[in-house]
Every structure is written in C-alpha cells, then in structure tokens.
Amino acid sequence: MTSGGDSPGMNAAIRAVVRTCAYYHTECVGYYRGYQGMINNEYIPLNARSVRNIINQGGTILQSARSKDFRTEEGRSRAAENLKKAEVDAMILIGGDGTFRGGLALSQEHDIPVIGVPGTIDNDINGTNYAIGYDTALNTVVEAIDKIRDTASSHNRLFFVEVMGRDAGFIALNSGIGAGAEEILIPEEDLGVERLLDSLERSRRAGKTSSIVVVSEGDKTGKNVFELADYVKKNLPYYDARVTVLGHIQRGGRPTCFDRVLASRLSVKAVELLLDGKKNLMVGMLNNEIEACSLDLALKGKHTINKDLLRISEILST
Ligand code: ATP
C-alpha cells in the first residue's frame with residue numbers, strides 16, 4: 001500500500017513489489033488509500049500484468065490517504081482483522097515516517113511483519129540518502145525556477161519562491177543551488193532577515209539583473225513568504241519583489257529515471273527481505289548500496305542536511 005503524502009515513483013515501487021512477488025510465486029494484493037483502505041477492507045489482487053505501463057506514471061494507482069482512524073487502537077484492530085481474513089501474511093508500506101510509525105504499531109500490536117519503503121518528496125527519512133519522489137520533485141522545482149528566472153531577468157525583479165519542506169530543507173537547498181538562487185532559507189538554519197537584506201543589497205551592487213530567493217515552507221525567519229517579500233520591499237524599495245508558491249505541482253509529474261530505479265531497487269529488496277523471514281525493517285539506499293535498517297532506527301534518527309551546501313550556495317551566489 002501507499003500512504004501519507006504521495007510522491008512520484010510510488011507507482012514504480014508498486015510495480016516492482018508486484019513483479020518481485022510474481023517472480024517468487026508469491027500472491028500479492030494492493031490496499032487502496034493507505035491505512036484507511038485496510039480499515040475499510042478495500043483491496044485488489046495484483047499480478048505482473050496488473051502493473052503494466054505504470055512505471056512512468058506519477059501519483060499512485062493504489063491512491064493514498066491520511067487515516068485518523070488508524071491512529072486509534074480500535075482502528076488498527078479493525079485493519080488487522082481484515083488483513084487476517086484476507087490471509088495477508090506481511091505488508092510492504094510505501095510512504096513516509098508517519099506511515100512507518102503506523103506500521104510499527106500494527107506489527108507490535110497484531111504481529112504482522114512489515115517492511116517500509118521510503119517514499120516522500122521531503123527526503124527527511126533516516127537510514128536512506130534518498131526517498132522515492134525527492135529527485136523528481138527537485139527537478140520539477142528547478143524547471144519552475146528556470147522559468148521564473150526568465151521573467152525575473154526581463155523585468156529586473158526579485159522573486160521569492162516557496163517550496164515544500166515544513167521541517168526539512170532538502171528541496172530548498174538542492175533546488176536552490178541547482179537553479180542558481182541568490183539566497184536559500186531553510187528550517188534547519190536561521191540566517192536572519194537582516195542577512196537576507198545585506199545579501200540582496202550586495203546582489204544589486206554587483207549588478208545582478210534578477211534575484212531568486214528559495215524559501216522552505218518551514219523556514220525560521222518567523223515570516224511567511226509574503227511577509228518576507230513585503231519586508232524586503234519596505235527596506236529595499238528599489239526591489240520589485242514578487243512571490244510564487246509552487247505548492248502541489250511539486251508532488252506531480254512523471255518520475256525521473258533516478259526515482260524509477262531507486263523505487264525498483266528498494267522494492268525488490270523489500271520483498272526479498274520479507275520472503276527471507278525478516279520484519280520491521282526499512283530499506284534504504286546508502287552510498288549507492290541498498291541496505292536495511294530497523295524501522296525504529298529510521299524513526300528515531302534524523303536525516304540531516306549537508307550544511308556544506310549552504311557554503312557552496314553562498315560562494316556561488318557572489
Ligand atoms: P509524508 O511525510 O510524505 O506526508 P507520511 O507517511 O509521514 O508521509 P502521515 O500522514 O504522517 O504521512 O502518515 C500516514 C498515515 O500513517 C497517517 O494518516 C496515519 O493513518 C498513520 N500514522 C501516522 N502516525 C501514526 C501513529 N503514531 N500511530 C498510528 N498510525 C499513524
């Protein structure tokens with residue numbers, strides 16, 4: 001099943017799970033809408049042919065949901081009863097940390113083995129360098145900023161571009177460097193609004209014809225992206241500052257080759273681990289190798305950004 005926020009590449013993961021099961025002569029069903037589908041007993045048998053032509057599709061054919069009911073013991077008991085009636089022996093959960101938290105609770109309370117496959121554009125999961133969907137989201141953001149840059153330089157404008165990431169600045173930091181942003185504001189680092197003003201003033205003096213500031217949803221300046229733009233307009237009136245909020249386009253689109261391969265590698269491993277009798281693990285990619293870690297570790301640890309990227313960004317926006 002796929003659960004929580006959807007991410008491009010989830011279909012490639014579903015396909016790989018189903019085909020690996022077929023390869024090993026193991027029956028496979030897909031639950032709709034994450035944990036809510038387990039509670040409502042909505043599932044579909046899947047075979048190798050059911051997943052044809054989906055590797056290149058964004059979204060998830062099984063759909064996703066956030067389930068309030070599953071957060072209660074009663075909800076999880078209903079889900080477990082349904083799983084037992086359907087003779088489900090084990091589950092592969094494609095989603096983010098909330099999905100894994102729910103899976104661990106299900107496994108501990110009802111003894112159903114689970115393996116997590118990290119799929120979230122935020123890339124904030126410990127135990128893997130990359131989560132499925134992150135690379136596609138980055139490319140979507142960079143393409144959007146490239147377009148914004150065209151109009152920004154034609155009019156000598158300053159653009160604030162808000163990207164997803166309430167708690168993690170992976171998208172902002174990497175897309176910012178990839179798109180040549182002048183400044184990047186992320187939740188992990190409070191650079192302060194005064195520093196932003198200094199930097200924009202320097203950009204103007206350096207003769208730049210446009211400026212892009214990439215702002216993570218959860219940045220720590222204490223101002224939202226519109227307030228930031230107003231603040232800059234007030235303090236640096238020569239700037240014609242505009243705001244673009246990229247929003248949900250970041251979740252959509254065809255997965256990049258990187259995400260398709262990542263999803264395929266992680267999902268084959270996930271099925272093989274289950275068939276090998278392993279449980280309550282998450283598969284991840286570390287230094288280009290597929291590795292498994294305990295779901296506990298994935299949930300307790302923190303995947304931190306590489307702060308050297310901030311330094312790189314500062315040097316390159318000179
Ligand atoms: P993303 O971070 O990309 O949004 P996610 O998997 O973290 O993905 P959540 O909405 O946090 O998304 O979690 C998905 C679902 O997992 C929730 O809707 C809920 O049903 C279940 N869940 C989350 N946390 C718990 C928990 N502590 N106990 C039981 N179930 C949980």
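Contact, as the word is used in these legends, means heavy atoms within 4.5 Å. The model shown is predicted, so that local features need pLDDT of at least 70 and side-chain atom pairs count only at pLDDT 80 or more, while totals for chains, interfaces and linings use all residues. Residues are numbered from 1 along each chain as its sequence is written, and side-chain values use heavy atoms, with hydrogens and water left out.

**View 1. Asn-40 and its surroundings.** Asn-40 lies in the loop between α2 (34-39) and β2 (43-45), where helices (H or I, at least four residues) and strands (E, at least two) are DSSP runs numbered from the N terminus. Leaving aside residues up to four places away in sequence, Asn-40 touches Arg-78 and Asn-82. Gly-75 is 35 residues from Asn-40 in sequence, with 9.8 Å between the two C-alpha atoms.

**View 2. The residues around the ligand.**

View 3. Polar contacts here are pairs of N or O atoms within 3.5 Å. An N or O atom in the side chain of Thr-99 is 2.5 Å from a ligand oxygen atom, and for the side chain of Arg-66 the corresponding distance is 2.6 Å. A polar side-chain atom of Thr-120 lies 3.1 Å from an oxygen atom of the ligand. The protein buries 85% of the 620 Å² that the ligand exposes when taken alone, areas being computed by the Shrake-Rupley method with a 1.4 Å probe.

Definitions and conventions. Polar contact = N/O pair within 3.5 Å; in protein donor to acceptor, adjacent residues only side chain to side chain.
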